[in-house]
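Visitor: I am new to this structure. Show me how to read its features, one at a time.

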Amino acid sequence: MIKVRELHKSFGDLEVLKGIDADVKEKEVVCVIGPSGSGKSTFLRCLNMLEDITSGEVIIDGDNLTDPKVNINKLRSRVGMVFQHFNLFPHMTVQENVTLGPMKVKEVKKEVANNMALELLAKVGLSDKANVYPGSLSGGQKQRVAIARALAMNPKVMLFDEPTSALDPELVGGVLEAMKDLAKEGMTMVVVTHEMGFAREMGDRVIFMDEGKIMEEGSPEQIFDNPQNPRTQDFLRMVL
Amino acid sequence: MLDFISPHISGTLPFIYRGLQLTIFITFAGFFFGFIIGALTGLMRLSNNKIIYGIATVYIELVRGTPILVQALFLYFGISDVVGINFSAVTAGIIAISINAGAYIAEIVRGGVESIDKGQREAGRSIGLSSSQTMRYIIWPQAFRRMIPPLGNQFIISLKDTSIFAIISLNEVTYLMRQYVSTTASPFVPYIMLCLAYLVITIPAMVILRRVERKLDV
């Protein structure tokens, strides 16, 4: 589903990604962990071209992102993204947040989009919030709306950029539940996270990144119980 | 005492009534075109294209760096002399306000758009919206709310700026009042009346503006 080859990304003189090779299979849940500044968020953002790729290849669902002929808007609509700070549209109701993409990108009719939005909101446990503005929601509720908004485009892959890092601890659970439901339904997911519990429980594979490189990857058991790389060992000692 | 004041009050009222109509018309027309110019050049200032950015910057700096009085003189006397097109004073006034307000509005627009968190753009792009759709449905509606207070201020400034068109014999309220004074040779009361004429518009405008601001704050 996702194939990354020799991905490099620089901001000016600063090289943030120093050659990443990774593959994500269909229905696989891959969790990316690592210290801050390791490049894991940048890596994720390269997967839907929110960052320009300096060099290398990213192929998603058969389309090469760096190919100028690829319609990046079309491609992005197949890749859902959930942000650390939710980035809901504050001037639109919850339902309008969810229906905007389908209506403007896929030209879905309003009634159809509205019904779909209500279904998705029910799925993330927010049926009663359809007509309120995001400003009146808690962080956890906002993030669940953001998940519904991304799902409304019926994406093939969902990218999560530290989805629970900005949440109060008691609100993390609801968001993780929504993500677990998605994983169980067979959604292909790439999750940059600090939630080691989630990575261990739901990850089919865990990637440990540091200094712009993938230092180690393997099953959650391999990474958490028997890490080989000393960097991984150090990192896990600090966070667990 | 009353004899000294009251004839000028009743005497100036028809002038104020007539002059204010043109003052208001020129302000609205000028502000309308100024907003279009300002929105366009403000967005051009946000462009990554150096030429587009450059054109907008030159326009904005030229206009903001010269007095509106000089701009009006140049438009009305200068351009018509060379090109041979004779603008009416009203046309020249509307153009001058448009061009002048446009430059300030451009900076209001740029500031408003830049004040929107970049996560909003990213969220729009990530659901597949194009760059222009993201601007239209996500960035602009939010930015426009933030532009309303400074736009209101600019509107009041433009209204007051129309008074300088007295110099090109435009029949707005200041010009008419000067005419009145030159025939009666008693400037005190008529000019107080002129101030009041402007305040009758600007004070309610400011009150409405403040109310809108408070509403947008919530």
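Guide: Start with helix axes. An axis is a line fitted to C-alpha atoms, for helices over the stretch in contact, and angles run from 0 to 180 degrees between N-to-C directions. Keep in mind that this is a predicted model.

Visitor: How is a pair of packed helices described, and at what angle do H4(B) and H6(B) cross?

Guide: Two packed helices are described by the angle between their axes and the distance between the axes. Here, take helix H4 (residues 89–114) of chain B and H6(B): their axes cross at roughly 140° and come within 8 Å. The crossing of H4(B) and H6(B) is right-handed.

Visitor: Which residues of H4(B) and H6(B) meet?

Guide: On the H4(B) side, they include B:Ile97, B:Ala101, B:Tyr104, B:Ile108 and B:Gly112. On the H6(B) side, they include B:Met135, B:Trp140, B:Met147, B:Leu151 and B:Asp161. Sorted by class, the contact of H4(B) with H6(B) has 14 nonpolar, 4 polar and 1 charged residues.

Visitor: Next, cores. How many residues does the largest nonpolar core have?

Guide: The general idea comes first. In soluble globular proteins, nonpolar side chains tend to be buried together. In this model, the largest nonpolar core has 51 residues. A:Val4, A:Leu7, A:Phe43 and A:Leu47 have the most contacts inside that core. Helix H6 (residues 131–161) of chain B gives the most to this core, with 7 residues. Another core lies apart from it, with 45 residues, among them A:Val82, A:Leu126, A:Met179 and A:Met196.

Visitor: What is A:Val4 in contact with, leaving aside its neighbours within four places in sequence?

Guide: A:Val4 is in contact with A:Ile20, A:Asp21, A:Ala22, A:Phe43, A:Leu47, A:Glu57 and A:Val58.

Visitor: Is A:Cys31 buried or exposed?

Guide: A:Cys31 is buried, with a relative accessible area of 0%. A:Cys46 is buried as well, at 0% relative accessibility.

Visitor: One last stop. Where is B:Thr66 found?

Guide: Look at the loop between helix H2 (50–64) and helix H3 (68–83) of chain B. B:Thr66 counts as partly exposed because its relative accessibility is 35%. B:Thr66 and B:Ala205 are 139 residues apart along the chain, and their C-alpha atoms are separated by 27 Å.

Notes
Residues numbered from 1 in each chain as written. Chains lettered and ligands numbered in written order. Predicted model: local features only at pLDDT ≥ 70, side-chain atom pairs only at ≥ 80, totals over all residues. Heavy atoms only, no water. Buried < 20%, exposed > 50% of the residue type's maximum accessible area, 1.4 Å probe, protein only. Core = buried A, V, L, I, M, F, W, Y, C linked by side-chain atoms within 4.5 Å. Helix = DSSP H or I, 4+ residues; strand = E, 2+ residues; numbered from the N terminus. Contact = heavy atoms within 4.5 Å. Left-handed = near helix turned anticlockwise from the far one by under 90°. Nonpolar A, V, L, I, M, F, W, Y, C, P; charged D, E, K, R; others polar.
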